[in-house]
Amino acid sequence: MAEMLAQGKQPEVLFWVGCAGSFDDRAKKITKAFVRILNRANVSFAVLGTEESCTGDPAKRAGNEFLFQMQAMMNIEVLNAYEAKKIVTACPHCFNTLKNEYPELGGKYEVVHHTEFLKSLLDDGRLTIEGGQFKGKRITFHDPCYLGRANNVYEAPRDLILKLDAELVEMKRSKANGLCCGAGGAQMFKDAEPGNKEINVERTEDALETKPEIIAAGCPFCNTMMTDGIKNKEKEGEVKVMDIAELIANAQDL
Amino acid sequence: MSYLDNILFAILLVIGFGYFYTNVKKIIRNINLGTDVNRSDNPKARGTNMAMIALGQSKMVKRPIAGALHIIVYVGFVIINIELLEIIIDGLFGTHRVFAFLGTTYDVLIASFEILALLVLVAVISFWIRRNIIKLKRFANPDLTGAPKNDANYILYFEVVLMTLFLLMNASDLHLQNVPGGFSHFIKAGSFPISQFIEPLFNGMSNELVMLLSEIFWWLHITGILIFMNYLYFSKHLHILLAFPNTYFANLNPQGQFDNLESVTKEVKLMMDPNADPFAAAPVDENAVPSKFGASDVQDLNWVQLLNAYTCTECGRCTSSCPANITGKKLSPRKIMMDTRDRMEEVGKNIDANKGIFIPDNKTLLNDYITPEELWACTSCNACVEECPVNISPLSIIMDMRRYLVMEQSAAPMPINAMMTNIENNGAPWQYNQQDRLNWKNE
C-alpha cells in the first residue's frame with residue numbers, strides 16, 4: 001500500500017490478508033490463490049503488509065473489549081491514512097469486524113468477502129470461470145458463521161461453485177441452519193470444554209453424509225477445523241477441504 | 001339471574017385483573033433493573049419485525065410440525081377470546097348470549113370458535129405427546145427437569161380444561177335450546193358443529209340439572225381463564241404477551257455485529273491521545289458511577305436482555321441448534337435465559353422484602369447460576385439467535401458475562417490469555433513476528 005501511495009496511485013481494492021492468511025501455512029495457500037485470481041483479472045490491489053495487524057476479532061469475542069478497541073483504532077488510523085475505500089478479505093472474521101464493528105470507531109469502508117468480490121468480477125465479465133478439473137465433482141459448501149448467519153452472505157460462494165460446473169450438494173444443516181465448525185468465539189485458540197464430541201467432528205460428519213469429493217470452505221479457520229475433522233475420520237485420501245478461491249484458481253490452472 | 005351473580009362476577013373480574021395488574025407492574029419494575037439501551041430507532045423496521053415474527057409467526061414455521069400446531073393454538077387463542085367479550089358482558093349484566101342478535105354472523109362466529117377449540121385440543125394433546133411420550137430431545141434436556149417441566153405440562157392441562165369447558169358449556173346450552181317449546185332464557189342462537197356431538201350426553205337429565213351444569217361450566221370456564229391469566233407471571237407462558245414488545249425491541253444490526261462498549265472507547269481514546277497528560281487527575285464528577293465492564297449480575301444487563309428472559313418460553317430451539325450443546329458441553333442457551341429470569345425474580349423478591357431497596361445477598365448471576373465453563377463453551381456462532389422464534393439473544397448475555405470475566409476478573413482460560421498477549425505483543429493471535437507478515441509473497 002505504501003508503495004502504491006508513493007507512486008501516487010490508489011488501488012481499486014485493499015486486500016486485508018488477515019493473521020491466518022499471513023502466517024498459517026494452510027491459509028497462506030488460500031491467500032496466494034486469491035492473489036493469482038486478482039492478477040489474472042487485472043485488479044489493482046494492495047496489501048498493508050507489515051502495517052496490518054489483527055482486527056481484534058478474537059479478543060472481542062473472548063470478552064476483551066479493551067484489546068479489541070486498541071487494535072481497531074490502530075488499524076483504523078493506518079487505513080484512514082491510506083484513504084482506504086474498499087477492502088476485500090478472505091477471512092469472514094476480519095470481514096465481519098471491519099464491516100460491522102469498525103464504523104462506530106471511525107473506520108468506514110466498503111468491505112466485501114472474497115467470495116462476493118470474485119462473484120462481482122465474474123458478473124462484470126472481468127473473470128471467466130470454466131469447470132476445468134472440477135466439472136461434475138460433488139462439492140459441499142460449509143457456511144462460515146460470520147459470513148452466513150452473521151452477515152447473510154449465502155449465495156455468492158454457492159454461485160461460484162456452480163460456475164465450476166460442479167455438483168453442489170447441501171448438508172442437512174446449511175445456510176442459516178449451518179452448524180459452526182467449532183472455531184468461532186475465540187475457540188480456535190483454546191481447548192474445548194468437556195463434552196462427548198468435538199464440534200468439528202460433528203460438522204465433518206454432516207459434510208461426509210453428502211458423500212462429497214471436496215468440502216468447500218470460505219474461512220481459514222473453518223478450513224483448519226474441517227481438515228482436522230477429515231483427518232479424524234481418516235478420509236484424507238478421499239475428501240479434500242479447499243477454499244473457494246483455491247477451487248477457482250485451480251480450475252483456471254493459475 | 002339474581003343481582004348476586006352479577007356482583008359476584010364483577011368481584012371475580014376485579015380480583016382477576018387486579019392481581020394481574022400488580023404482577024405486570026412487578027415485571028416492568030424488574031425489567032427496569034437493567035441498564036439503558038436505546039432501541040427507539042427505526043420504528044418502521046421494528047414494527048415490521050413485530051408484525052412478521054410475533055403476529056405472523058414467521059420464524060415458528062421453520063420447524064413445520066411444531067410451527068403448524070403452534071399456529072393453531074395461537075389463532076385459536078386469539079379468536080376464541082372474542083367470545084370472552086360476550087362472556088364478560090353476559091356476566092356483568094345478566095344477559096344471555098348478548099351478541100345473538102348478529103344472526104348468521106353469530107352462527108359463523110360460534111361455529112368457528114367450536115372448530116378452533118377442537119383443533120386447539122388436538123394440537124395441545126399433540127404437544128403433550130411430544131413432551132411426555134415421544135420425549136423430543138429438546139424437551140428431555142436436563143434444563144427442563146423439575147419445575148420447568150411441570151410448568152409446561154400445567155399450561156397444556158389448563159388449555160385442555162378450558163377448551164373442554166367451552167365445548168361443554170355450548171353443548172349444555174344447545175341441549176336446552178332444543179327443548180321443545182323452549183326452556184327458560186335459552187334462546188335459539190349459534191351454530192354448534194362440534195358440541196352437537198357432545199349434546200346427547202345430557203339426554204335423560206332433567207332440564208333443571210342441565211341448566212345448573214351449564215351455569216357451572218360457564219363459571220368454571222371464566223374462572224379458569226382468569227386463573228390462567230394470572231398464572232402467566234409464574235410461568236414460561238408470558239411469551240403470549242411479551243413476544244410483541246420483544247420482537248419490536250430486538251436488535252436490528254447484523255447478527256455478527258457485537259455492541260461497542262462506549263466506556264472502553266473513552267479510555268482507549270485517552271490512552272492513544274499523544275497530547276493526554278498521563279499524570280492528570282481524572283475530572284471529578286459528583287454523579288459518576290464507576291463503570292463496570294461486562295455483566296456479573298442482572299443489574300448489569302440491559303433492559304432488553306431482561307425482557308428477553310421474561311419472554312423466553314423455554315422451547316429449546318436455541319439449545320437444540322447450539323454446537324456446544326449438541327456435542328455434550330454444559331452450555332445451553334435456553335438455560336442462560338432461564339437463569340437470568342430466575343435471578344431477576346430473586347432480586348425482585350429481595351427488593352419487595354426490603355421496602356424497595358436491594359440488599360446484597362452474596363449471590364450473582366455469574367457463578368451462582370451461570371458458570372464460567374458454560375460461558376467459555378460458546379463459539380459465538382449465532383445459531384441460538386437465529387433459531388429463536390421471538391428474537392431473543394442468549395449470545396449477548398454470554399458475551400457480556402465473558403467481558404466481566406476477562407476485563408474485571410482477568411479470569412480467561414490460560415490459552416485465551418496467551419492469545420491475547422500475542423495480539424498485544426505482535427499483532428496476531430499466534431507468536432509470529434509482525435515483520436514476517438508479508439513473507440507469503442515470496443514463499
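In this predicted model, four strands of chain A form an open sheet with parallel pairing, in the order β6-β5-β7-β8. A second open sheet in chain A also has four strands and parallel pairing, and its order is β2-β1-β3-β4. Chain B touches chain A through 54 residues, and chain A gives 53 residues to the contact.

- Inside the order, β5 (residues 138–141) and β7 (residues 214–217) of chain A pair in the parallel sense over three bridges.
- Across this pair, Phe141(A) stands opposite Ala216(A), which belongs to β7(A).
- Helix α10 (residues 220–232) of chain A packs on the sheet and touches β7 and β8 of chain A. The direction of α10(A) makes about 175° with that of β8(A).
- Helix α11 (residues 244–251) of chain A also lies across β7 and β8 of chain A, but runs at about 90° to β8(A).

- The edge strands here are β2 (45–46) and β4 of chain A, and each pairs on one side only.
- β3 (residues 86–89) and β4 (residues 110–113) of chain A pair in the parallel sense over four bridges.
- Which residue of β4(A) is the bridge partner of Val88(A)? The partner is Val112(A).
- The chain goes from β3(A) to β4(A) through helix α6 (residues 92–101) of chain A, and this β-α-β crossover is right-handed.
- Another bridge joins Lys86(A) to Glu110(A) in β4(A).
- α6(A) lies across β1 (13–16), β3 and β4 of chain A, at about 160° to β4(A).
- Helix α7 (residues 114–123) of chain A packs on the sheet as well, touching β3 and β4 of chain A. The direction of α7(A) makes about 90° with that of β4(A).
- In a regular strand, side chains alternate between the two faces of the sheet.

**Packed helices in chain A**

- Two packed helices are described by the angle between their axes and the distance between the axes.
- For helix α3 (residues 25–40) of chain A and α10(A), the axes come within 10 Å and cross at roughly 130°.
- α3(A) and α10(A) are therefore oblique to each other.
- The crossing in which α3(A) passes α10(A) is right-handed.
- On the α3(A) side the contact has Arg26(A), Ala27(A) and Ile30(A), and these meet Pro220(A), Asn223(A), Thr224(A) and Thr227(A) in α10(A).
- The residues of this contact divide into three nonpolar, three polar and one charged.

**Packed helices in chain B**

- Helix α2 (residues 43–55) and helix α8 (residues 239–248) of chain B pack at an angle of about 140°, and their axes are 7 Å apart. That angle makes α2(B) oblique to α8(B).
- α2(B) passes α8(B) in a right-handed crossing.
- Arg46(B), Asn49(B), Met50(B), Ile53(B) and Ala54(B) of α2(B) meet Ala243(B), Phe244(B), Thr247(B) and Tyr248(B) of α8(B).
- By class, this contact has six nonpolar, two polar and one charged residues.
- The axes of helix α1 (residues 3–31) and helix α7 (residues 207–231) of chain B come within 9 Å and cross at roughly 15°. α1(B) and α7(B) are therefore roughly parallel to each other.
- The crossing of α1(B) and α7(B) is left-handed.
- Leu12(B), Gly16(B), Tyr19(B) and Phe20(B) of α1(B) make the contact with Thr223(B), Leu226(B), Met229(B) and Asn230(B) of α7(B).
- The contact of α1(B) with α7(B) has five nonpolar, three polar and no charged residues.

Methods:
Residues numbered from 1 in each chain as written. Chains lettered and ligands numbered in written order. Predicted model: local features only at pLDDT ≥ 70, side-chain atom pairs only at ≥ 80, totals over all residues. Pairing = 2+ DSSP bridges. Helix = DSSP H or I, 4+ residues; strand = E, 2+ residues; numbered from the N terminus. Right-handed = clockwise from strand over helix to strand, strands pointing away. Contact = placed C-beta atoms within 7 Å. Axes fitted to C-alpha atoms, helices over the stretch in contact; angles between N-to-C directions. Parallel < 35°, antiparallel > 145°, perpendicular 65-115°, else oblique. Left-handed = near helix turned anticlockwise from the far one by under 90°. Nonpolar A, V, L, I, M, F, W, Y, C, P; charged D, E, K, R; others polar.
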